[in-house]
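Please walk me through this protein. I am new to it and would like a plain account of how it is put together.

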Amino acid sequence: MIKETPVPKDAIALADDLRTALHHVFRRIRQEGDSDPYGLSLQHKLLLSIISQTPGIGVAELARMEKLRGPTMSGHIKALENAGLVRRDTPNPEDRRRIGLLLTEQGAAVIDDIRGRRRDWLARKLAQLPPEGARALRNAIQYLNEIGE
């Protein structure tokens, strides 16, 4: 059994404050994307985003990644296909059972629009910060990326 080293109280307090702040920011960013005209669920937006970042991902792999059952994921993919946002790629010649997922032109345009509206909202909020606040966030990005990796 690996003995964990105790976490300093100030690190715990910082973790609580950071988690709360990030939660509020992410919620507001999602709300900006949720006011879109596409009527997509948050789950469908997330799936579109993953497929755009991982073109050719299989349905089973996507289900494992999102911790969903295969039939549940298949239903989501069918809905995205019926909406004209996702299409199935040609079968893999090495494993004809594996067919990857790709965004259609319309799907790419939808995810680009959602990301653009979210980015623009965040940019407007950042532009309202005093210079020292913007600098502090710019400096924090490196460390946030390290934590996330």
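This is a predicted model: local features need pLDDT of at least 70, side-chain atom pairs count only at pLDDT 80 or more; totals for chains, interfaces and linings use all residues.

**From one pair of residues to the whole**

G58 stands opposite G100, which belongs to strand β3.

β1 and β3 run antiparallel and are joined by two bridges. On β2, residues 86-88, the pairing is again with β3, residues 100-103, in the antiparallel sense, and here there are three bridges. Two of the facing residues can be named: V86 has L103 of β3 as its bridge partner, and R88 stands opposite L101 of β3. In general, strands of a sheet pair through backbone hydrogen bonds, in either a parallel or an antiparallel way.

Put together, the three strands form an open sheet in the order β1-β3-β2, with antiparallel pairing. β1 (57-58) and β2 (86-88) are at the edges with a single partner strand each, so one side of each has no neighbour in the sheet.

Next, the residues of β3 itself. In a regular strand, side chains alternate between the two faces of the sheet. In β3, G100 and L102 point one way, while L101 and L103 point the other way. Which of these residues are buried? All of them are.

Apart from its neighbours within four places in sequence, G100 is in contact with G56, I57, R87, R88 and D89.

K67 is found in the loop between α3 (59-66) and α4 (70-82). Is K67 buried or exposed? With a relative accessibility of 74%, K67 counts as exposed. The backbone of K67 has a positive phi of about 55°, although K67 is not a glycine.

The secondary structure of the protein consists of six helices and three strands. Starting at the N terminus, the elements follow the order α-α-β-α-α-β-β-α-α.

How does the overall form relate to that of a compact globule? The protein has a radius of gyration of 20 Å, whereas a compact globule of 149 residues would have one near 15 Å. Along the principal axes, the C-alpha atoms fill a box of roughly 55 × 50 × 25 Å. Of the 149 residues, 23% are buried. Among contacts between residues at least 6 apart in sequence, 54% join residues at least 24 apart.

Note on methods: Residues are numbered from 1 along each chain as its sequence is written. Side-chain values use heavy atoms; hydrogens and water are left out. Helices (H or I, at least four residues) and strands (E, at least two) are DSSP runs, numbered from the N terminus. The radius of gyration is taken over C-alpha atoms; the globule rule is 2.2 Å times the number of residues to the power 0.38. Buried means under 20% relative accessible area, exposed over 50%, partly exposed in between (1.4 Å probe, protein chains only). Contact means heavy atoms within 4.5 Å. Two strands pair if DSSP finds at least two bridges between them.
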